[in-house]
Amino acid sequence: MMTSGMFSNWFLPGIWVTIQVTFFSAALAAGVAFTIGTLRTSNIWIVRFLSGAYFEIFRGTSALVLMFWMFFALPLFGWQLVPMWAGVSALGLTYGAYGSEIVRGALAAVPAAQREAGIALSFTKMQRLRRIELPQAWPEMVPPFNNLLIELMKGTALVSVITVADMTFAGNLVRLGDNESAPIYTLLLVLYFVLAFALTRGMRALERHAKAGIGQEPPKRGFITRKLSARGESAQADSQVAGGMG
């Protein structure tokens, strides 16, 4: 039977470990995504080939198997990783490959005229990237990055198989002790949902800030409110036209 002491002794530390794994994996994935994504837009074919090879390899391999390889096989080459960092590395490298496609696609969507303007101003490739392309592409990256971050956070449950004491690991230990599966896994579902919801709210705030930076502040009203407002404005315009005709 679940008790408050059981929650504070097992699940709260597990939540903190899940947050840490999510944070460090996301930081690594962001670095990989922007590095590989920008390199895939290079004019040098060997750079595009190598960055594309990284993308294809890590997109096509299992994060769980890569985690096992880093934890069990890497020591054979003289490099021992603690369980947490093996999990962080596997998740960060894998989800960074997915994120690199988001970066590449967003950069490719920047109008060619913008890049040509940078060339006309004698900007270097790095200056064009930093001053012109990334500021315009960044707001378009945030929504898919939000989805990817949620997937990464849920994917942190994989680290429990290499003995990292995250929420899932704690839940399994409690289940083995109490032999009550339904309440424990229901609680885990709720906890993952709460973390995902908090991440989503934070990313939406980041999206509003990013779009405001380029003068594209999105409306904060909901879809239904916008539709009703549009109908009201249309009706008001029709009445004004009718009054003018009268």
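User: What makes Thr163 count as exposed?

Analyst: This is a predicted model, and the values here are computed from it. Thr163 has a relative accessible area of 52%. Exposed means over 50%, so Thr163 is exposed.

User: Where does Thr163 lie, and what is its phi?

Analyst: Thr163 lies in the loop between H6 and helix H7 (167-178). Its phi is positive, about 70°, although Thr163 is not a glycine. Most residues other than glycine have a negative phi.

User: Why is Ser100 called buried?

Analyst: The relative accessibility of Ser100 is 0%. The cut-off for buried is under 20%, and therefore Ser100 counts as buried.

User: Where is Ser100 placed, and which residues does it touch?

Analyst: Ser100 is in helix H4. Leaving out residues up to four places away in sequence, Ser100 touches Ala33, Ile36, Gly37, Arg40 and Phe55.

User: How do you know that the span of H4 agrees with what its 26 residues should give?

Analyst: The expected span is 1.5 Å times one less than the number of residues. For the 26 residues of H4 that should be 38 Å, and the end C-alpha atoms of H4 are 38 Å apart, so the two agree.

User: Where does H4 bend, and by how much?

Analyst: H4 bends at Ala97, by about 30°.

User: How is the packing of H4 and H6 described?

Analyst: Two packed helices are described by the angle between their axes and the distance between the axes. For helix H4 (residues 83-108) and helix H6 (residues 125-155), the angle is about 145° and the axes are 8 Å apart. The crossing of H4 past H6 is right-handed.

User: Which residues meet there, and how do they divide into nonpolar, polar and charged?

Analyst: On the H4 side they include Leu91, Tyr95, Gly99 and Ile102. On the H6 side, Glu133, Leu134, Phe145 and Glu151 are among them. The residues of this contact divide into 15 nonpolar, two polar and two charged.

User: How many helices and strands does the chain have, and what percentage of its residues is buried?

Analyst: The chain has nine helices and zero strands. Buried residues make up 36% of its 246 residues. Among contacts between residues at least 6 apart in sequence, 71% join residues at least 24 apart.

Terms used. Residues numbered from 1 in each chain as written. Predicted model: local features only at pLDDT ≥ 70, side-chain atom pairs only at ≥ 80, totals over all residues. Heavy atoms only, no water. Axes fitted to C-alpha atoms, helices over the stretch in contact; angles between N-to-C directions. Helix = DSSP H or I, 4+ residues; strand = E, 2+ residues; numbered from the N terminus. Left-handed = near helix turned anticlockwise from the far one by under 90°. Contact = heavy atoms within 4.5 Å. Nonpolar A, V, L, I, M, F, W, Y, C, P; charged D, E, K, R; others polar. Bend = angle between axes of the 7 residues up to and from the residue. Buried < 20%, exposed > 50% of the residue type's maximum accessible area, 1.4 Å probe, protein only.
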